[in-house]
Amino acid sequence: LAEGDDRKMEVYQTITHYFPQSQVAANNTAVLYLRQDRPEEARKVLERVKDFSPEMLNTMAATYVYRDDYERAVELLQDVQLPEARYNLGLLKAKQRKLQEAYELLRPFGDLNSAIAALSVRQDEEAKAMLDKLDDPSPRAEYARAIACARLGDTAAAREHLEKACADESLARRAATDPEFIANHIQP
């Protein structure tokens, strides 16, 4: 019920002072620390609690991501059956270039990251179906749509999506040398 992160932090710190094993208070305090880019403080708060809830494991994994310790984050998330944890594990697998595992984990979510994972393992029709359902006009989404259309032989749609994607200069530079578009004679 508290307004603002500072006030929420005061409330959660008070709760953890009087109830040091409160998983909810510890997790919420850690999340606020992560929002402030203070992963070490977040980790310390979580480590004070003896039994970790699935939410706490997910948050603890985030503290390791901040430290670029992806292996430890993966270890923590491996057996957590929380949707957010499965999604985060999928993103970590993609970061590790374990694309098939990333695809399997992200597939149920049907978002942009899921579609990109599907493209990464050549599930082009599924990726296009996901992208068609998304209301995401971002250049990144348009670039993914352009790749899906190019692979499926719809060069007119690929060109249209690529033009929108190239509003982002870095994607325009990438598109100029992307084999997906060069092979199909699609240029920005």
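The whole structure holds 15 salt bridges, each defined as a side-chain nitrogen of Lys or Arg within 4 Å of a carboxyl oxygen of Asp or Glu. The model is predicted, so local features need pLDDT of at least 70 and side-chain atom pairs pLDDT 80 or more, while totals for chains, interfaces and linings use all residues. Residues are numbered from 1 along each chain, and side-chain values use heavy atoms, without hydrogens and water.

Lys93 and Glu101 form a salt bridge, 3.0 Å from N to O. Lys93 is buried at 5% relative accessibility, and Glu101 is partly exposed at 38% (buried is under 20% relative accessible area, exposed over 50%, partly exposed in between, with a 1.4 Å probe and protein chains only). Elsewhere, Glu40, Arg43, Glu47 and Arg67 belong to one network of salt bridges with shared partners. Within it, Glu47 and Arg43 pair at 2.8 Å, N to O; both sit in helix H3 (residues 39–47), four residues apart (helices are DSSP runs of H or I, at least four residues, numbered from the N terminus).

The largest nonpolar core has 30 residues, and those touching the most other members include Leu119, Tyr143 and Phe181. Such a core is a set of buried Ala, Val, Leu, Ile, Met, Phe, Trp, Tyr and Cys residues joined through side-chain atoms within 4.5 Å. Helix H10 contributes the most to this core, eight residues. Apart from this core lies another of 24 residues, among them Ala30 and Met56.

Methods. Helices (H or I, at least four residues) and strands (E, at least two) are DSSP runs, numbered from the N terminus.
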